[in-house]
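My notes follow the structure.

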Number of protein chains: 2
Amino acid sequence: MAVTTRRADAQRNIAAILTAAAECLARDPAASTSEIAKAAGVGRVTLYGHFPSRAELVDAVFVQAIATGEKTLGQVDLTGDPREALARLTESSWQLVDQYRALLLAAQDALPPGRVQELHADPMARVERLLERGRAEGVFRTDLPTSWLVSVMHNVMHGAASELQAGRITSDQAAPYITATLLGAFAPA
Amino acid sequence: MAVTTRRADAQRNIAAILTAAAECLARDPAASTSEIAKAAGVGRVTLYGHFPSRAELVDAVFVQAIATGEKTLGQVDLTGDPREALARLTESSWQLVDQYRALLLAAQDALPPGRVQELHADPMARVERLLERGRAEGVFRTDLPTSWLVSVMHNVMHGAASELQAGRITSDQAAPYITATLLGAFAPA
DNA sequence: CGTAACTCGTACACTGGTGTTCGACAAGGG
DNA sequence: CCCTTGTCGAACACCAGTGTACGAGTTACG
């Protein structure tokens, strides 16, 4: 599907728009197409030449973000004690959540409902597998559904991002706090 | 400061607008003034006659919601085993969070930053006091700041609201799930 | 080097909200 | 009963964004 018949400058512009959009949306989830085009050093018309609508642009940026995030998470060692694996996964995931927080908000009100969920399927599955293994080994609780535990992890991380933004915690504290909280929450009763 | 010199029908209208706004914003955080006015059975101009701007209307609705919420929470018995008290508080808080979820979103992007935080001070203090007591009695962990634990509680509840909305859990499951999660997360290491 | 692909700015049409103004018309209160 | 207070609808100005149209200019690529 990749149209390889695009001229070199066009490809450069597409890339520039994509990275500019990522930056702008990270600053302000409601960033306008004008803003993004300007940041990319490109006319607004050019932007619309490559992305039919703002929504499709946001989608493309989001897809890209998920893809690079997946690459990072794929390198995390998930073997050994599930608790230690969870700590490692949390550390990496937290970086990503913190980085892409605003982008997620942008996606949530620019993309059709369910689309965000759909694109999160892969990273979610990774967490789920680890939790399942921990449950099988008896180090994580089994009295709550795995999907619930995944959502707890998700929400605690996003909560940490809010706390960080509000200045109530520092960047260094976040990961340890999250890890300590989750290990407590996931331990068997 | 309460202007008692208002005509009876005006007071009725104000009340109607307030309750209509509460309903509309609960359905759609971005509900327009036209929508709210129509729901209140009132002209849009009348609405602006009582509330100078959409933001001030949202503020008023939010203040009202907090006040009635506080009344409910004030009746919760917080004595005895802090863990059981937390369970009771969670049960009541969850009802409120679920009910006012959309309103909170409305407030967050209609009100100046910090205003939401400001109005949450009282309910937060209540949770904080309970957690502090539990820490003093050795049943809650002390290796994380109280403010962090409060935020965890907050975020787990809002996460549950999302899960409920997405149909991944049912209304009955929410409170027990939240309670079980928090008791685990707050237990001493 | 010529042509097709691409870009640019400006301008435009459209949408959907906010807040105001106007004048006519009720309705409550003293 | 009169007058103040309040209400109403319609119209208006305004803003900020999205997406499109046009025509002239530029750039890659064969």
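I counted a residue as near a strand if its C-beta atom, placed from the backbone, lies within 6 Å of it. I note at the outset that this is a predicted model.

**DNA strand C.** I found 20 residues around DNA strand C. The closest are Asn13(A), Gly43(A) and Thr46(A), with Ser32(B) and Ser53(B) from chain B. I then looked up which elements give two or more residues to this surface: chain A provides α1 (8–27) and α3 (44–50), while chain B provides α1 (8–27), α2 (33–39) and α3 (44–50). By class, I recorded six nonpolar, eight polar and six charged residues near DNA strand C.

**DNA strand D.** I listed 20 residues around DNA strand D, of which Ala8(A), Ser53(A), Asn13(B), Gly43(B) and Thr46(B) come nearest. Here α1, α2 (33–39) and α3 of chain A, and α1 and α3 of chain B, each supply at least two residues. The surface near DNA strand D comprises eight polar, six charged and six nonpolar residues.

**Interface.** I checked the interface residues of chain B against chain A: 100% of them are also interface residues in chain A, so the copies meet through the same surface.

Key:
Residues are numbered from 1 along each chain as its sequence is written. Chains are lettered from A and ligands numbered from 1 in the order in which they are written. This is a predicted model: local features need pLDDT of at least 70, side-chain atom pairs count only at pLDDT 80 or more; totals for chains, interfaces and linings use all residues. Helices (H or I, at least four residues) and strands (E, at least two) are DSSP runs, numbered from the N terminus. Ala, Val, Leu, Ile, Met, Phe, Trp, Tyr, Cys and Pro count as nonpolar, Asp, Glu, Lys and Arg as charged, and the others, Gly among them, as polar. Two residues are in contact if their C-beta atoms, placed from the backbone, lie within 7 Å.
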